[in-house]
Structures are given as C-alpha cells and as structure tokens.
Amino acid sequence: MENAEASPLKRFPLGLDETSEEEYSSQSALLQDFASIPTIDKAWTFTSTSGSQCMFSVSQPNLLANKNRRYVVSSHISKGSANGLSFQWAAFPIEMPSGSIMVPSPSGSKLLVVRNPEKDSPPTKFEIWGPSQVEKEFHISASVHGSVYSDGWFEGISWNDDETFVAYVAEEPAPLKPVFTNSGYKKGNSSDKECGSWKGQGDWEEDWGETYPGKREPAIFVINVNSGEVYPVEGTKKLTVGQVVWAPASGSLQHYLVFVGWPSDTRKLGIKYCYNRPCALYAVRAPFSKPEDRQSESNAVEEASPVKLTQRISSAFAPRFSPDRKGLVFLSAKSSVDSFVHSATQSLHRIDWSIDGKPTPDADIVDVVRAILCSSDLYQHFEVPVVMCPEDGCFPGLYTVTFLSKPWLSDGYTMILSSVWGSTEVILSVNVLSGKVSRISPGNSSFSWSLLALDGDSIIAVCSSPCNVPEIKYGSIVGKSSAETSASWLDISSPIRRCSEKVQLVTSLLSSRQSSIIKIPVRDISENLTAGASKPYEAIFVSSKCKSHNLCDPLIVVLHGGPHFISLSSFSKSLAFLSAIGYSLLIVNYRGSSGFGEEALQSLPGKIGSQDVNDVLAAIDHVIDMGLADPSKITVLGGSHGGFLTTHLIGQAPDKFAAAATRNPVCSIPLMVGTSDIPDWCYAETFGRLGKSMFTEAPSSEHLAVFHSKSPISHISKVKTPILFLLGAKDLRVPICTSLQYARALKEKGTEVKVLVFPEDNHAIDRPQSDFESFLNIGVWFKKHCK
C-alpha cells in the first residue's frame, strides 16, 4: 500500500485569509505609488546679478528604511519680459542626511547645516558652507549640549546681522547621575566607561509630553561661526525657551536675543498642538559681550536676567522684526489660553523696539488685526482682536502658528503668510500699520495654497486639492494699495511632477475624481446659540465625475481630530488612495473646527459627543438627500477626536455604518484623564468654560461620572458595526489602554473587531511603514465590509 502524504495547508500571514490577501496584494501596489509622491516642505530664495536662486527642501517616504528621505532641489529663476519667467532646474537633487537642518544666512552668501547625532554617531556637527565648499566645520561635544531642536515649535536658529554668530536652541547637557560600585555610592564625577560601576537613574524629569519623551530641556546657545566657540545663554533656568531670534544691533557693543519662554517650574502639560500654554516674549543680552563692557558684577547679573517684553498678554510667540528694525511683530494664542481650549483663533500684535536697542518691559502692545465683533456678550472676556463671527466670504480670523523667517515685502510693513480660511488654506497679506488683511491667493479657488518663500515682492507657493497633486505657483504682486493687495499667479513646471512616472500615474487615476466644498445647514438652531455657531459649517466632498449605472460609490466619512483643528482642501496621499480605489469621501469640518471664526469654534466645548456627533450625522443626511451617497454603503474613519466621533457614531447611530476604522481614538475620558499628557483637555471639552476652574489632577467621582457620560464607551452596548483599531503603543496623548479597553468590551459582546498595534509609534502613527500599513488595512477593511 502506498504511503499517502497529506498536502500541506496553505498558510497566511496573521490576520489574513485568501480573500483579504488578494486585496492586500492589489491595494499595496497602488498605495506604494501614492506613498512615493514627494512633499515640498520648505523653500529659500537667494538674489544674484542674473536673477534668483531657489532651494526646495523635499521629503519622500523610504518604506524599506522606515524613514523619510530628505533632499534639496535647486533652481535658477530667470525673469525676462512679461510672462518671461522660467525656472531652470538643477540636473539632480542632493540628499540631506536624516536629522540635518539648513538655515541660509541673511545675505544668502553662507549656509548653515546642522547635523544632529543619530544613535551611536558622533556629536552634533555645525557646517558653514560657502558657494562652492564647506568653509568651517565644528563638532559640539555632548558635554556642551545635546541635539539642536528641529521640532518646529521650540526650534529656533538665527544668524546675526553681520553673519558672525548664530543663536540656536538645543538640548541641555545630560545631567550627572549617581554612580554606584560594589562598595556603594561613589562620590564625585565618574566616566561612563569606568569598569566595576553603574549609573543610577536619579530624579525623574518631567517632559513636555507627546513627541518629547527622552528630550532634555531646551536651552539657548550662541556659536561663533569663525572660531566655533559656543556660549550658553544664562538666566533662563525657570523658563522653557524656544524660537530665538537676534534683536537689531544697536550702535554699542550690546547685542540682545529675543525668545519665547514658557514657565517650566510648574506642571508641564503636553505642548504638541496645544497652544493654550501661557508663554511670553523675553529679551536677554547675548553672552559674548566683553567683560570690560560691564561696569559691575551687579550689572552683569542684571543684564543676564531676561526682560519680559509682553507683560500684558498671556501668550506671545513667533517673533519677527520688521526690516527697518523698529518693530517686533508676534502671534498670540490668548484666545486659547483664556478659554482653556487647546487651539483657537490666533491674533497678531506689534511692539515698538527701542531706538538704542535696549529692551523695555513696559512697551505698548498694538493689536494689528482688528476684531470684527458681534452683539453677543458671551466672549467679551477675550479682549483680543480675533474675528468672532465673520460675514459670508469675509476674513474669518488668523489660523496660523508661524511665519517665514523673512515674511516681508519690500515696503517693510506688509507681511505675507499662510492661514486657514474655512476649509481651505490661503495666502494673506497683512499691513502691520493699518491692520488691513487681503487674500492674495485666488478668491474663487477651492484649492489650498501654502506659502513656501518670498522672492523679493513675488511669492513661491504650493497649490493642491484632494484630487490634484501639489504644484508650484509663482505669484507677482499686481495691486498694492491701501484698499487691497492682489497677485497674479503662474504655473511652474517642476521636475517633481514632470519626471516621476508614479506621479503621472497617480495624476491619471485622479483625473476621473472631483472635489467640492459643501455648506451644511445647522440643525435645530436654538436661542442660546451665538450667531457664529448658527451659521452653516462645511464638508469637502470627493467623488467620481460620473456615476456608473446611476449608482453612488461607497462613502467614507472622514473626521479630523483636535477637535479644534481642520481638514483642508489640500492633497492627502492617504485619502487620495482611498478615493482612487473607488470611494467617495465626505470630509466633515463640524462646528468647533478652526477657520470659521471664534464663536463657531467656542460653541463645541461642553457639547462634545452631542453637537459634533449631530453635525456629522446632519452632513451625511445632507449628501444622501442630494443623491450623492447610498445610505447602505457608508463607512466612517477618524483619528484622535475624530476617533472619538467615530466610536460615538457607531454607538449612537448603530444602523448607519457598514464599517468603521479609527486611529488612536478617545474612547473613555475617565481612563484618559488619568493617563494622558493633556488631562486639561478632558475638562475643557467636557465642561466648557467652567473646565478651567474645575481642572484637577485628582478628579472627583462626580467629574468621572460626567466624563463617562460624554464618552463613546457609554454607548458600547448598542455597537454592532465592524471596527478596525490602529494604535500607537507610545501614544502619550490618548494612551493605548483607552482603546484596548473599548476593543475588549466589543469583543466580549461579539462585535467584529480588528486591532493593529505599532510598537514604536506615538499619537500620529506617521512613521512611513506604520502609515502605509494603516491605510492599507483601512482600504482592505472597508472593501471587506462595504462591497
């Protein structure tokens, strides 16, 4: 008798079956094409006798290395007669190592490149480049300072006027820790490599929360670019410092630095995306002044103490000096600080700088952007120039957190900046003398426009939409009067778009898609609603240009986090991928989103889990009534507060959704309040204006009961929608335990649940491989449940 061998069972990767493996295969190839599209992050321009030079900093995911590849693309800008503009691109880009920072000098004749150390690599390195070579190179010992901050918030690198010194923000040197041997504690300092000993932990040091674990306190340093000598700036020990810039030099030898300071001797709450942390502008004398300039030791101590420039306002950041060096302009998030919400409408202010170059603590603060007030007295306590309730089509207020390093036109008083306007990003000009604000990106465009650089009085920007890959635009100021500033725009053909086959493939796929911004009327307007909260809100709708057999594509409802952030009408690789595989997208900017005036934004705190949920349901019903969506084929996707809404929706409207997917959602506020880096968020959004006075690190049972009533987990008994969880194990903002509790409770009642955990990711889940795997699983999950 012959031996019969059993055929081996086909094995599949964890979480896959035969059907889903086929989807994984087909969708992953397409997602790679979308993921490979480069992103233009920054640009710098340099003037020359033959025109201008422009450098673009570009990033692109390197999936195999699980890092973002960064490189520089250069172009010569030739300006001839009318419409004679041309960009002459370098033959090849130049890759920049990970962790490097580039900062051109004011004249453009030098380029500072900072190379931060990676694991087991040499110390921080400063390179001073000239037109053709490295002119200076300095290695900064870890005993002087750690990595230079490049986080976009504490980050600050500034050349002085004569290009001999650079001020910057870096991590303080590592503190000494106790050393132990077999004989016990060893007194005195000890080498890290000393045999027969080990280092203890010492005291725990509080950090600034999400994305900052392991980062030491930022401190200001000044380096002499000729000698390489580094000077620490003294006198800031009770402040967390950042965003340093040089003040205008006076005729004497006195040189001052202006920086942003946050109190650091109290509880540090998470600061990433949290603009409600009080801060102020300070000035301090630069540390390299000669000893003979100081008349006495007491004067030296006094000069080392920072001068608080913004005494009368609770928030001040992004300092920029005017070209004539007579004015200091800055942004303020006073609305956020006063109302306790994490992000609200910003305001713009100016103080006059002393003619002798010495800072004064009692300078008058001038409000640059004038307020547009309404009759409601609900928000009179703000006392800042923010737009409360914009008229239709009018400026909704400032929603920006930074400026270009040189944001000025040649007149010296007109700033150019990017800001949010409804569901779009726009480019604005602001006259800092008159307060006049003009929209200079096209007013009839539903695309989003992002400012990259100024080329004299011309503007280099990026323009995109949900269905259009970003393109470079060049704007020339054509009208500049007291009434209005405007610009004419030219398309710029770039190698990023022209030469990439994958970009052309994506462009071809998206050519059959279209996007529009839809106004959604507010349901159930009550008497206690402010005018701004009664106005329609917006949703971005992305769909096929033509229906197949009069049928609607399945719909994905996309919900942003915050909740006081915004989904913009700009290109998103991940959402474009979901659109390309056959879905319509309804991207809802519910009331509480930024970009619509302060009243609409402030209408949500105290009403989360109800007003925002009802706004999303109203938006869905609106597109169904318009014949744009099939009510039997609706899915929902959101992260953070968008995940809070996602899990609320499948509990409050259990029959409405075929499937759901969520990234690091807020599922249980009672669990979050004791584990998050922003417990104050729980109070601000749950209790509204009362939350600021109620906030405590030890919530009462009554508080916990209200938190539970506002949480998605309070509706879990009704949930039957299949749901996918994508979780970052290192998330400090919404710790993973809150989602796992909810997912386990769903499994306990038999609901279909899938959980993916990314061990090295934080709240954003933005490492290239993790982001790729997240949206691949979302695409496969929705295909499985919404055919």
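Reader: At what angle do helices α12 and α14 pack?

Author: This is a predicted model. In it, helix α12 (residues 679-687) packs against helix α14 (residues 701-709) at an angle of about 70°. Their axes are 11 Å apart.

Reader: What does that angle make α12 relative to α14?

Author: Angles of 65 to 115 degrees count as roughly perpendicular. The angle therefore makes α12 roughly perpendicular to α14. The crossing of the two is left-handed.

Reader: Which residues meet there?

Author: From α12, take Cys-682, Tyr-683, Thr-686 and Phe-687. They meet His-703, Val-706 and Phe-707 of α14. By class, that contact has 5 nonpolar and 2 polar residues, with no charged ones.

Reader: Now α1. How do its axis and that of α16 cross?

Author: Helix α1 covers residues 18-35, and helix α16 covers residues 768-785. Their axes come within 9 Å and cross at roughly 135°. That makes α1 oblique to α16. The crossing of α1 past α16 is right-handed.

Reader: Which residues of α1 and α16 meet?

Author: On the α1 side are Ser-20, Glu-23, Tyr-24, Gln-27, Ser-28, Leu-31, Gln-32 and Ala-35. On the α16 side are Phe-772, Phe-775, Leu-776, Asn-777, Gly-779, Val-780 and Lys-783. By class, the residues of this contact divide into 7 nonpolar, 6 polar and 2 charged.

Reader: And at what angle does α1 cross α7?

Author: Helix α7 spans residues 573-580. The axes of α1 and α7 come within 9 Å and cross at roughly 140°. Over 145 degrees would count as roughly antiparallel. The value for this pair makes α1 oblique to α7. Again look at the hand: α1 passes α7 in a right-handed crossing.

Reader: What does α1 use to meet α7?

Author: Gln-27, Leu-30, Leu-31, Phe-34 and Ala-35. Their partners in α7 are Lys-573, Ala-576, Phe-577 and Ala-580. The contact divides into 7 nonpolar residues, 1 polar and 1 charged.

Reader: Let's turn to single residues. Is Thr-124 buried or exposed?

Author: Check the relative accessible area against the cut-off. Buried means under 20%. Thr-124 has 2%, so Thr-124 is buried. Its place is in strand β8 (residues 124-129).

Reader: What does Thr-124 touch beyond its sequence neighbours?

Author: Skip residues up to four places away in sequence. The contacts then include Val-114, Asn-116, Phe-138, His-145 and Gly-146. Val-114 is 10 residues from Thr-124 in sequence and 7.3 Å away in space, C-alpha to C-alpha. There is also a polar detail. A polar atom of the Thr-124 side chain lies 3.5 Å from the backbone oxygen of Gly-146.

Reader: Where is Pro-123, and is it buried or partly exposed?

Author: Pro-123 sits in the loop between β7 (111-115) and β8. With a relative accessible area of 38%, Pro-123 is partly exposed. Pro-123 touches Arg-115, Pro-117, Ile-140, Ser-141 and Ala-142, leaving out residues up to four places away in sequence. Pro-123 and Gly-146 are 23 residues apart in sequence, but 7.9 Å apart in space, C-alpha to C-alpha.

Reader: Which side chain does His-342 join by a polar contact?

Author: That of Arg-277, at 3.5 Å. His-342 is in the loop between α3 (334-339) and β23 (347-352). At 4% relative accessibility, His-342 counts as buried. Beyond four places in sequence, His-342 touches residues including Tyr-273, Ser-336, Asp-680 and Trp-681.

Reader: What does the side chain of Ser-264 reach?

Author: The backbone nitrogen of Leu-239, at 3.3 Å. Ser-264 lies in the loop between β18 (256-263) and β19 (280-285). Its relative accessibility is 15%, so Ser-264 counts as buried. Outside four places in sequence, the contacts of Ser-264 are Glu-217, Lys-237, Lys-238, Leu-239 and Thr-240.

Reader: One more loop. Where is Phe-657 found?

Author: Between α10 (641-652) and β37 (659-663). Phe-657 counts as buried, at 6% relative accessibility. Leaving aside neighbours within four places, its contacts include Ile-620, Ile-634, Leu-649 and Thr-721. Val-636 is another one of them. Phe-657 and Val-636 are 21 residues apart in sequence and 7.0 Å apart in space, C-alpha to C-alpha.

Methods:
Residues are numbered from 1 along each chain as its sequence is written. This is a predicted model: local features need pLDDT of at least 70, side-chain atom pairs count only at pLDDT 80 or more; totals for chains, interfaces and linings use all residues. Side-chain values use heavy atoms; hydrogens and water are left out. Axes are lines fitted to C-alpha atoms, for helices over the stretch in contact, and angles run from 0 to 180 degrees between N-to-C directions. Helices (H or I, at least four residues) and strands (E, at least two) are DSSP runs, numbered from the N terminus. Angles under 35 degrees count as roughly parallel, over 145 as roughly antiparallel, 65 to 115 as roughly perpendicular and the rest as oblique. A crossing is left-handed if the near helix is turned anticlockwise from the far one by less than a right angle, and right-handed if clockwise. Contact means heavy atoms within 4.5 Å. Ala, Val, Leu, Ile, Met, Phe, Trp, Tyr, Cys and Pro count as nonpolar, Asp, Glu, Lys and Arg as charged, and the others, Gly among them, as polar. Buried means under 20% relative accessible area, exposed over 50%, partly exposed in between (1.4 Å probe, protein chains only). A polar contact is a pair of N or O atoms within 3.5 Å; within protein, one must be able to donate a hydrogen and the other to accept it, and residues adjacent in sequence count only if both atoms are side-chain atoms.
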